[in-house]
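Student: Hey, can we go through the charged pairs in this one? I'm new to it.
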Amino acid sequence: MSKSIGNILLLTQIVAMAVWSCSPTSVPQKKEVIDYSYEDDLSKYRPIFEQQEQSDQQEQKVIANEPLKVSYDISSELNAVIDSMLVKNDSIRLADGYTILVYSGNDELQAGRVRNRLFDLVPEWEARFSYKLPTYFVKVGQFYQQIEAQSLYRKIRNYYPTASIVPDKFPIEND
């Protein structure tokens with residue numbers, strides 16, 4: 001049986017070689033080369049500018065600066081508006097912002113300890129101690145935006161997990 005299988009394989013190889021040798025050979029076809037370059041003379045469409053020669057011999061006339069003469073002067077009205085804005089801005093005494101509330105409670109001794117500990121933890125920041133009946137508060141920092149307080153808050157939170165960033169009002173110092 002293995003002899004018949006070998007004969008069949010040999011026969012298929014011979015037939016395949018005969019068919020392959022009888023097939024027409026492929027002739028490479030000539031490829032057409034297309035030139036995509038573009039050439040055109042566009043100089044006839046370009047504007048032509050004539051250069052004016054400046055002579056160094058001509059003297060240039062110097063015109064003195066003179067103030068403009070206007071028919072209607074509103075500087076007094078503008079000064080009045082500016083003065084009213086200054087008066088209004090001087091009347092603003094508090095600014096909205098955020099602070100870090102480290103302690104709030106009824107124990108004055110504990111509030112003092114927290115404040116003293118904050119002097120050691122963050123010496124560059126002033127810890128404020130306040131009392132509003134019946135609660136003591138210890139706050140650190142004055143920030144205009146909440147995101148500004150995040151770095152200090154993370155540092156304090158390691159020691160005081162109950163600390164939080166709270167809205168607050170700060171006095172404005174007018175010069």
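This is a predicted model: local features need pLDDT of at least 70, side-chain atom pairs count only at pLDDT 80 or more; totals for chains, interfaces and linings use all residues.

Student: Okay, how many salt bridges does a search of the whole structure find?

Tutor: Four salt bridges turn up.

Student: What does Lys 155 pair with, and how far apart are the closest N and O atoms?

Tutor: Lys 155 pairs with Glu 124, and their closest N and O atoms are 3.7 Å apart. Lys 155 sits in helix H4, while Glu 124 is in the loop between helix H3 and strand E2, so the pair links parts of the chain 31 residues apart.

Student: Is Glu 124 buried or exposed?

Tutor: Glu 124 is exposed, at 53% relative accessible area, whereas Lys 155 is partly exposed at 40%.

Student: Switching topic: what about Lys 169?

Tutor: Lys 169 forms a salt bridge with Asp 96, with 2.5 Å between the closest N and O atoms. That one joins strand E4 to strand E1, across 73 residues.

Student: And Arg 128, which residue does it bridge to?

Tutor: Arg 128 bridges to Asp 168, the closest N and O atoms being 3.8 Å apart. Arg 128 is in strand E2 and Asp 168 in strand E4, 40 residues apart.

Student: Why does Asp 168 count as buried?

Tutor: Because its relative accessibility is 18%, and buried means under 20%. Arg 128 is partly exposed, at 24%.

How values were computed:
Residues are numbered from 1 along each chain as its sequence is written. Side-chain values use heavy atoms; hydrogens and water are left out. A salt bridge is a side-chain nitrogen of Lys or Arg within 4 Å of a carboxyl oxygen of Asp or Glu. Helices (H or I, at least four residues) and strands (E, at least two) are DSSP runs, numbered from the N terminus. Buried means under 20% relative accessible area, exposed over 50%, partly exposed in between (1.4 Å probe, protein chains only).
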